[in-house]
Amino acid sequence: MNHSYYEASARERMAAFLDPGSFQEFLPPTDRVSSPHLRQLDQPGAFDDGILVGSGRLSGHAILAAAQEGVFMGGAVGEVHGAKLVGLLERALITRPEAVILLLETGGVRLHEANAGLVAVSEIMHAVLAVRTAGIPVIVLDGGQFGCFGGMGIVAALCDAVVMSEEGRLGLSGPEVIEASRGVEEFDSRDRALVWRTVGGKHRYMLGEATRLVEDSIPAFREAAIALLGTRPVFGLEDLEAEHARLRERLERFGDCRESIEIWTRLGIEDPQSLPLLETQAFLAQVGGKRA
Amino acid sequence: MDARTLLNNLFPAGHTVAFEDTYFHGTGTCRGATVAVLGTSEEVEIGVELALAMARDVLEVIKTAPKRPILLLVATSGQRLSRRDEMLGINAYLAHLAKTIDLAKRKGHPVVSLVWSRAVSGGFLSTSMLADLCFALPEAEIGVMNLPAMSRITKIPLERLESLSATSPVFAPGVANYLRMGAIEAIWQGDLEAHLDASLRMLSTRERRRVLGDSRGGRQLARSVAERVRSHARG
Amino acid sequence: MESLVYEYQGGVPIESPRAPVIAGVVGSGNLEILVEAEGPDDRCTIVVVTAATGFGTIWQAVMNDFVARHKPGGVRLSINDVGATPAVVSLRLEQAWEAFKGGSA
């Protein structure tokens with residue numbers, strides 16, 4: 001059986017991530033809650049609008065979870081898709097699960113319903129902040145084929161922890177978007193090595209944006225998420241001042257770098273060129289103690 | 001309207017807003033109340049430096065002026081599109097800015113935003129859309145992408161998008177569409193000082209955009225779908 | 001985009017109850033199939049929404065083949081398609097049907 005997180009569909013991920021048989025889906029495909037806007041533009045919808053949300057157990061702990069399907073419109077957020085995620089987060093305020101876990105795979109706002117999608121992402125941001133304020137951690141998993149971009153890249157950075165695989169990508173504007181508007185000289189989106197060095201899991205781990213880096217397997221994501229269940233959200237004034245200092249220092253230390261390899265060099269990595277080639281475990285051993 | 005005219009119209013009693021290039025911040029006096037002001041002009045793209053500067057000043061207001069109202073006047077054409085900013089984690093810088101605005105609200109600062117020039121995508125999400133209440137001037141532009149670009153990417157003919165946007169508020173840019181979506185509380189016309197004064201009195205931290213979007217016919221599913229998930233009986 | 005509906009009779013009633021099953025994903029060259037138990041017992045209804053127009057006769061042939069092979073009765077199949085080839089459609093139908101028969105409500 002193939003346990004690759006990268007290759008799996010959202011439903012396969014959810015089933016293998018949670019304790020077996022524990023997933024209870026809200027608004028499942030049989031409810032046919034799909035996008036009315038896609039139909040209007042002659043695009044077939046999906047019965048779940050590209051996201052499944054529900055409750056389940058993770059190593060016995062009650063959690064709420066959502067998984068976006070990247071193959072359906074790049075996992076993009078439309079009105080219904082976004083509302084399902086907002087509803088799930090707000091449900092957490094009532095049912096108080098151990099954590100809310102988001103298996104994100106998305107390009108951000110769905111252009112076919114751009115305004116509704118943008119407002120939905122804003123509501124997701126508000127809801128994530130409310131859930132964390134209530135003391136419930138929100139944990140992101142990012143290892144799918146489409147990465148996590150657009151407004152949902154901001155959402156990921158609002159959460160308590162981000163688990164990535166080397167294959168995962170995390171950012172705001174996707175490489176294709178930057179290339180399309182600023183030219184191939186600014187960002188060559190077809191240079192896969194450059195893309196992964198810039199927004200991939202290893203670099204995000206080096207910067208401290210990815211809390212954990214795991215190999216590309218659903219059980220590895222599961223183990224990392226279980227280990228993070230004890231996370232307790234803290235973001236009072238002192239915490240945000242500490243975060244501010246970290247981000248300012250990052251800008252001071254690396255703001256003039258043109259390439260991630262320069263950042264890794266300044267972090268004291270002896271053979272930075274080799275980092276992209278290392279297997280996950282060898283990579284973790286190599287960079288131990290040298291993250292920003 | 002340029003930023004200085006805007007500030008004079010909002011604060012005829014005076015303000016101490018200072019400009020650093022396209023970023024401005026300071027305080028204004030509105031009917032006797034001191035209001036902290038943060039904003040940008042010239043539809044600047046928000047990159048890591050600007051996001052950090054704005055977050056710094058939000059934190060400063062929280063530390064030095066408890067519960068002082070904050071007015072966001074952000075004009076932006078979106079996030080900065082650059083490989084270097086992505087490499088540095090611009091999403092985390094914008095999220096940090098969002099967290100500081102959220103903290104201000106949690107600490108009792110009323111936060112109001114006015115889209116006076118332009119608001120696009122990530123720059124809009126991480127600033128004005130975090131306010132308790134978001135208003136707009138009638139001449140402002142709000143959106144994700146213009147229709148020709150949207151047509152190129154979605155491969156839907158431009159004429160189709162244009163004709164549909166006459167009836168659907170869901171995808172075309174425009175203040176009126178965001179009003180119908182519930183993202184804009186109201187459009188300010190006439191006496192801006194009076195509008196600001198009134199907005200500082202009507203603050204509620206309750207998320208009401210879905211209710212407005214539903215009642216104004218812009219988003220007819222968001223409210224009911226979220227409610228169905230929130231109150232689902234099983235699980 | 002096109003919507004197609006096919007109705008068949010004379011199927012073998014499924015052993016009820018069966019939990020609904022979904023197979024595949026809506027994406028370029030792919031499709032999703034939702035299988036649900038739905039009376040009357042000998043009838044099979046197949047509803048297709050497809051991005052590609054003008055392929056009604058090919059869909060009909062693929063569905064005829066599937067129904068002849070499995071004689072589904074008391075079942076509704078709902079399909080969202082983005083230009084999957086007949087081979088992919090047949091494969092997904094087999095996967096969906098296998099999963100449906102293998103599960104219980």
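**Pairing, contact and crossing in three chains**

Guide: The residue Glu20(B) has Tyr23(B) of S2(B) as its bridge partner. This is a predicted model, in which local features need pLDDT of at least 70 and side-chain atom pairs count only at pLDDT 80 or more, while totals for chains, interfaces and linings use all residues. Residues are numbered from 1 along each chain as its sequence is written, and chains are lettered from A and ligands numbered from 1 in the order in which they are written.

Visitor: How do you know that S1(B) and S2(B) pair?

Guide: S1(B) and S2(B), the latter spanning residues 23-30, share 3 bridges in the antiparallel sense; since two strands pair if DSSP finds at least two bridges between them, they count as a pair. Strands themselves are DSSP runs of E of at least two residues, and helices are runs of H or I of at least four, both numbered from the N terminus.

Visitor: Why do S1 and S11 of chain B count as edges?

Guide: The sheet is an open one of 7 strands, in the order S1-S2-S3-S5-S7-S9-S11 of chain B, with mixed pairing. S1(B) (18-20) and S11(B) (186-187) each have a single partner strand, so one side of each is left without a neighbour in the sheet. Helix H2(B) (48-64) packs on this sheet, where it touches S2(B), S3(B) (33-40) and S5(B) (70-73).

Visitor: What makes residues of chain B and chain A count as in contact?

Guide: The test is that their C-beta atoms, placed from the backbone, lie within 7 Å, and 66 residues of chain B are in contact with 71 residues of chain A. H4(B) supplies the largest share of the side of chain B that touches chain A, with 13 residues. By class, that side has 34 nonpolar, 16 polar and 16 charged residues, where Ala, Val, Leu, Ile, Met, Phe, Trp, Tyr, Cys and Pro are nonpolar, Asp, Glu, Lys and Arg charged, and the others, Gly among them, polar.

Visitor: Which chains share the most contacts?

Guide: Among the 2 pairs of chains in contact, that is chains A and B. Chains B and C are joined by no contact, and their closest C-alpha atoms lie 12 Å apart.

Visitor: Why is H3(A) called oblique to H11(B)?

Guide: The axes of H3(A) (79-95) and H11(B) come within 7 Å and cross at roughly 40 degrees; axes are lines fitted to C-alpha atoms, for helices over the stretch in contact, and angles run from 0 to 180 degrees between N-to-C directions. Angles under 35 degrees count as roughly parallel, over 145 as roughly antiparallel, 65 to 115 as roughly perpendicular and the rest as oblique, so H3(A) is oblique to H11(B).

Visitor: How do you know whether the crossing of H3(A) and H11(B) is left-handed or right-handed?

Guide: A crossing is left-handed if the near helix is turned anticlockwise from the far one by less than a right angle, and right-handed if clockwise; the crossing of H3(A) and H11(B) is right-handed. By class, this contact has 9 nonpolar, 1 polar and 7 charged residues.

Visitor: What angle do H3(A) and H4(A) make?

Guide: The axes of H3(A) and H4(A) (114-133) cross at roughly 15 degrees and come within 9 Å, and the two helices are therefore roughly parallel to each other. Their crossing is left-handed. The contact of H3(A) with H4(A) has 14 nonpolar, 2 polar and 3 charged residues.
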